[in-house]
Amino acid sequence: MDAYNPLLERTRVPQPCLQKFAVISIFEKLRNAPPHLVPDSDPGREAITYCLHSTFVGVVDQSVREVCRLVKDSKMDLSRGLLELQSGLEASGPRFVNLFVKALGFLVSCGFQKNPSSFRFQSPETHPFVKVTMTLQ
């Protein structure tokens with residue numbers, strides 16, 4: 001995570017505009033990183049988790065958007081994006097629930113549009129949010 005530490009430190013600055021810019025910079029670095037720093041690497045996963053588990057609204061909001069963008073741009077697997085967001089949801093306070101649930105719904109919709117045949121609703125591997133979202137449609 002050393003590669004991301006300077007940017008992660010900037011997410012603690014109590015200025016929402018700077019926090020948002022720091023998060024955008026972290027995810028841009030993840031998007032264009034060499035193989036040992038990509039989102040699936042240990043430093044990449046730790047940076048994403050750090051951002052999603054922040055106590056600052058601006059950091060969490062932008063991080064959720066960036067995770068969705070990584071999945072949409074095929075830089076992160078759908079299942080991995082869902083797990084990251086679910087982990088963030090479980091660690092967050094009540095004020096972030098709406099944000100995470102909307103993002104999870106967005107990822108499920110994106111995944112279903114890209115590859116509807118991959119959604120096996122009776123499979124034990126199917127994410128619970130997928131099952132709920134698809135039964136509501």
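Does E66 count as what at 4% relative accessibility, buried or exposed? E66 counts as buried (under 20% relative accessible area; exposed is over 50%, partly exposed in between; 1.4 Å probe, protein chains only).

I noted the basis of the entries. The model is predicted, so local features need pLDDT of at least 70 and side-chain atom pairs count only at pLDDT 80 or more, while totals for chains, interfaces and linings use all residues. Residues are numbered from 1 along each chain as its sequence is written, and side-chain values use heavy atoms, with hydrogens and water left out.

Entry, E66. I find E66 in helix α4; helices are DSSP runs (H or I, at least four residues), numbered from the N terminus. Leaving aside neighbours within four places in sequence, I see E66 in contact (heavy atoms within 4.5 Å) with V23, I24, F27 and R31.

For Y4, not counting residues up to four places away in sequence, I list I26, K29, L30, A33, L37, P43, G44 and A47 as touched.

Entry, α4 and α6. I read that the axes (lines fitted to C-alpha atoms, for helices over the stretch in contact; angles run from 0 to 180 degrees between N-to-C directions) come within 10 Å and cross at roughly 5°. That makes α4 roughly parallel to α6 (under 35 degrees). The contact includes V60, D61 and V64 of α4 and L99 of α6. Its residues divide into nine nonpolar (Ala, Val, Leu, Ile, Met, Phe, Trp, Tyr, Cys and Pro), no polar (the others, Gly among them) and three charged (Asp, Glu, Lys and Arg).

Entry, L99. I find L99 partly exposed, with a relative accessible area of 23%. L99 touches V60, D61 and V64, not counting residues up to four places away in sequence.

Entry, α5 and α6. I read that these axes come within 9 Å and cross at roughly 170°. The two helices are therefore roughly antiparallel (over 145 degrees).

Technical notes
Parallel < 35°, antiparallel > 145°, perpendicular 65-115°, else oblique.
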